[in-house]
Amino acid sequence: MTSTVDLSIHTRRRNLQRLAGEVFDVLIIGGGITGAGIARDAALRGLRVALVERRDFAAGTSSRSSKLIHGGLRYLQQGDVGLVREAATERYVVRRLAPHLAQPVPMLFPLANRREYAKLSVGMWTFDRLAGVADKERHRLVTAEEALDIEPRLLRKDLYGAALHYEYVTDDARLVIEVVKSAAGLGAVVANHLEVVDFLTQGGKVIGVAARDGHGEGDIEIRGRVVVNAAGPWVDRVRMLSERDSKPRLRLTKGVHVGVPSDRIGLSGIVVMNASDRRGVFAIPRGPVTYLGTTDTEYPELADYPQVTWSDVEYLLDAANRTFDLPTPLGAGDVVNAWAGLRPLLHQEGKKPTELSRQDEIMVNEAGLVSIAGGKLTTFRRMAERVTDMVCARLVEIGQTLPPPVALSDQHPISGGEMGGDLARFEDYLASRVREVRRDTIARLVRLYGSNATAIVDTMERDPARARPYSHDSSLTPAEVEYNVKHEMATTLQDVLERRTRLLLWDLGCGSSVADRAAATMAELLGWDEARRRREVVEYEKLVEYMRTPAGDGVSADDEPHAARA
Ligand SMILES: Cc1cc2nc3c(=O)[nH]c(=O)nc-3n(C[C@H](O)[C@H](O)[C@H](O)COP(=O)(O)OP(=O)(O)OC[C@H]3O[C@@H](n4cnc5c(N)ncnc54)[C@H](O)[C@@H]3O)c2cc1C
């Protein structure tokens, strides 16, 4: 059913040796969706690929998005027809290649009067045609009564009607990790917790990088014929290691999401909320947590965990309270967690954050360093194609013969996407193999790991003790953590709970109740001593605390949490 890639601490160690000893056709800096997508595309073309990530795969913006593989309806308002077309086409491709990570969910757009109703109707009609939306997913205008049947918690007052259409919900960090695994499965040499600190040059041209190992295994030099900087918000910082006097090209804006208990709102799908400044802000249900977002404000500093302020939180809670008729309004006590990401947008003179284009741009400097910035999670595959086309052109220029490609990137399944589109049938099959495991646990595994859930179920079948959840209120099992460690290069507790199992976001307790026991499983698999195990738990608890307690306005990011280190 699936081909499982070996990505363990041992693979990582071997990869560090290979990175230091081989010359790669393309060396990619940054393991967010952009870098991961390029690594997969280049590996599919038969190139020798290296990918290095400073913290963990998806640790940057690619784990903080709204998690929509969306058609780009809002770009229509900005007149960005090209982006609408590309985003809309791509969501079908992502759904075909990784169905578990692109699930269609109804989205309701409440409208206050006939004029709004008519205006949106024209916009959506245009979008459906431009985007080639499938018949069953085309928009529909509904009356206020129908809207209330769909979402009974909508505020009745001022509700004239609503537009109903479909968005695809993903899990951004899982998508990145599956794309990295795909690239590794095709031969790419990947390593997380490995930071590029300088460039190696020869005759004024970049020929590689110097990188520092976050797990204390020393510094290494890595050589690549073409070097690609896909460092997201850090693109300027990395680029300036190569062109020290150049000006920044990015303008960073911060986007915040706030998680609240789903039973406080009780939504069946996504709702576009009515924010105080009339921006479209979403409420997106995801199991026990519904997240509200996002904001869009200037954020000049680089930060691993950009600071969420109370005014960000209040803005989002206020949007929910203006949209829903709740027994008691949402307040500070309802905040499960709050997280922020930085949009790596290209600077455009005189534009407000919300007006900046989401289009990507590829820049090549005199030293031959290729930098890519901007773009969307949704369009990662097309961005990757464009960058790899450029990489191939440069390889030909320097006299390399290109190898025959392995497969086309819109045809080759993404890791985890090998069970077809019928997730319910796949769940039935897995559930029949381990009848003692709760059905919601299996459903969660399929949603997170797709066809790779088979490997976790294999472990559960072999060793029933590994199928037992850590606690009665969590579905996390040792079998899942073992999979993260052996096949997804998880080397810290944050790697597991924040970006692979996603408990930090989708668990009402942010995974705190199982942190200790998950760390014990990791200690057993990774040979941690007791001090390291305890340090991992303490660091994780600090992160949970940080996510739960937004700061006052004007605080600095000095208290940012960090991953524990060996
Ligand atoms: C709030 C918000 C909501 C969004 N919602 C959506 C959405 O719903 N749908 C959508 O399609 N898009 C969305 N986006 C946009 C999308 O998330 C981003 O465009 C995308 O994640 C950027 O990915 P990236 O790989 O370029 O950057 P990142 O994910 O930040 O990856 C860059 C990586 O480079 C690493 N790095 C940095 N410096 C170094 C170094 N020196 N050495 C090695 N590695 C390094 C970083 O650690 C990081 O992991 C949203 C963005 C935000 C902020």
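This is a predicted model: local features need pLDDT of at least 70, side-chain atom pairs count only at pLDDT 80 or more; totals for chains, interfaces and linings use all residues.
Q: Which residues make the contact of helix 15 with helix 18, and what is the handedness of the crossing?
A: Helix 15 passes helix 18 in a right-handed crossing. Pro478, Val481, Glu482 and Val485 of helix 15 make the contact with Ala518, Thr521, Met522, Leu525 and Leu526 of helix 18. By class, this contact has 7 nonpolar, 1 polar and 1 charged residues.

Q: What is known of the contact between helix 16 and helix 18 by residue and by class?
A: Leu493, Val496 and Leu497 in helix 16 meet Ala515, Ala518, Ala519 and Met522 in helix 18. The contact has 7 nonpolar residues, with no polar and no charged ones. The crossing of these two helices, helix 16 and helix 18, is right-handed.

Q: Why is helix 12 described as oblique to helix 13?
A: The angle between helix 12 (residues 423-433) and helix 13 (residues 439-449) is about 125 degrees, and their axes lie 10 Å apart. Since roughly antiparallel begins over 145 degrees and roughly perpendicular ends at 115, helix 12 is oblique to helix 13.

Q: Which residues join helix 12 to helix 13 in contact?
A: Helix 12 passes helix 13 in a right-handed crossing. On the side of helix 12 the contact is made by Leu423, Phe426, Glu427, Leu430 and Ala431, and on the side of helix 13 by Arg439, Ile442, Ala443 and Val446. The classes in this contact are 7 nonpolar, no polar and 2 charged residues.

Q: How is the chain divided into domains?
A: There are domain 1 (9-62 + 173-249 + 357-397), domain 2 (101-171 + 251-349) and domain 3 (423-559). The C-alpha centres of domain 2 and domain 3 are 28 Å apart. Their contact takes 23 residues from domain 2 and 16 residues from domain 3. On the side of domain 2 that touches domain 3, strand 11 (250-261), helix 10 (310-323) and strand 16 each give two or more residues. Helix 10 gives the most to that side, with 4 residues. By class, the side has 13 nonpolar, 6 polar and 4 charged residues.

Q: How do you know where the ligand lies relative to domain 1 and domain 2?
A: Both domain 1 and domain 2 give residues to the shell around the ligand, so the ligand lies between them.

Q: What makes up the shell around the ligand?
A: The ligand is surrounded by 39 residues, of which Gly30, Gly32, Gly60, Gly232 and Gly255 are the closest. Helix 2 (33-44), strand 8 (194-202) and strand 16 (337-346) each supply at least two residues of this shell. Strand 16 contributes the largest share, 4 residues. The shell divides into 14 nonpolar, 17 polar and 8 charged residues.

How values were computed
Residues are numbered from 1 along each chain as its sequence is written. A residue is near a molecule or strand if its C-beta atom, placed from the backbone, lies within 6 Å of it. Ala, Val, Leu, Ile, Met, Phe, Trp, Tyr, Cys and Pro count as nonpolar, Asp, Glu, Lys and Arg as charged, and the others, Gly among them, as polar. Domain bounds come from an automatic or database domain assignment. Two residues are in contact if their C-beta atoms, placed from the backbone, lie within 7 Å. Axes are lines fitted to C-alpha atoms, for helices over the stretch in contact, and angles run from 0 to 180 degrees between N-to-C directions. Angles under 35 degrees count as roughly parallel, over 145 as roughly antiparallel, 65 to 115 as roughly perpendicular and the rest as oblique. A crossing is left-handed if the near helix is turned anticlockwise from the far one by less than a right angle, and right-handed if clockwise.
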